[in-house]
Amino acid sequence: MTYELIEVEQRGAVGIIRKNRPEKLNAWSRAMAAEEQDAVTSFNNNPEVAAIVFAGNGRAYCAGLDLQQQQADVESGDASRRAGAADEHDETWTDFCTSSKPLIAAVHGYAVGVGVTTILPFDFRIAGESAQFGFRFVKMGLLPEAASTTLLPRLVGAGRALDWCLTGRFVGPQEALEAGLVRDVAPDDELIDRAVALGEELAQNPDSIMRRVKSLLLQNQLETNIGLVQQREGEALEWAMQTPEHAEAIAAFLEKRPAKFR
């Protein structure tokens, strides 16, 4: 696929996807979402890449839905579900992220509406000092989407989720950090480097194991049947013990050297 709305690069073991509509503050569109999903798939298939960083060019990460396109859709009667992700994207994005290599969002400036809900399934979020998160659907006569009504309360608690979604107010980086929405806050000019450093740290671990850990955590985080949780863990552990990655870890330990997973 030829990319027109994003830029893609690889830095060491980290793939970087940058939204590239700076003149529109990287407003979300279906075409951009399709390009991003294609880029993630490409990085997932690249054995040299361990983690994937999302960022935005210009003054913002993503200012939300492209309202000019939305207005045209409303006037044409084709606005159903346009306030969120595309049908296929909305239904598969969370599962797609869960099955991916680790995903890191490096957020500066505005991350509003779909610009913030689509990074909730990511594994890490790092905020620049200029970051402003906004679940402002209520201000637009819309509702949260992309599984955010379950993911946001899990991350920050029901009280904060209600506060942020019912008031529609902007949330700064320190509040986001204290709430657990982001892992870290960095100066804007260090944001990408901080995200890439985290990706390089993850590169010391085997891809297949990290992806299985992600899957287990998602399956089991709300599971009340402890027996089922242990069954899933047991099956995953049995699989892991037969992998080349486990054999390499044992050999590296016995030979007193770093493991080479990549």
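Start with arginine 194: its relative accessible area is 28%, so it is partly exposed (buried is under 20%, exposed over 50%, partly exposed in between, with a 1.4 Å probe and protein chains only). This is a predicted model: local features need pLDDT of at least 70, side-chain atom pairs count only at pLDDT 80 or more, and totals for chains, interfaces and linings use all residues. Residues are numbered from 1 along each chain as its sequence is written, and side-chain values use heavy atoms, without hydrogens and water.

What does arginine 194 meet in a salt bridge? Aspartate 184, at 2.5 Å, N to O. A salt bridge here is a side-chain nitrogen of Lys or Arg within 4 Å of a carboxyl oxygen of Asp or Glu. Arginine 194 lies in helix α8 and aspartate 184 in strand β9, so the pair ties together parts 10 residues apart in sequence. Helices (H or I, at least four residues) and strands (E, at least two) are DSSP runs, numbered from the N terminus. Aspartate 184 is partly exposed, at 22%.

Glutamate 190 also bridges to arginine 194, with closest N and O atoms 3.6 Å apart. Glutamate 190 is partly exposed too, at 38%.

Next, arginine 11 and aspartate 193. Their closest N and O atoms are 3.1 Å apart in a salt bridge. Arginine 11 sits in β1 and aspartate 193 in α8 (191-202), so this pair joins parts 182 residues apart in sequence.

Now the sheet. It is open and mixed, with 6 strands ordered β1-β2-β3-β4-β6-β9. Pairing requires at least two DSSP bridges between two strands. The edge strands are β1 (6-11) and β9 (184-186).
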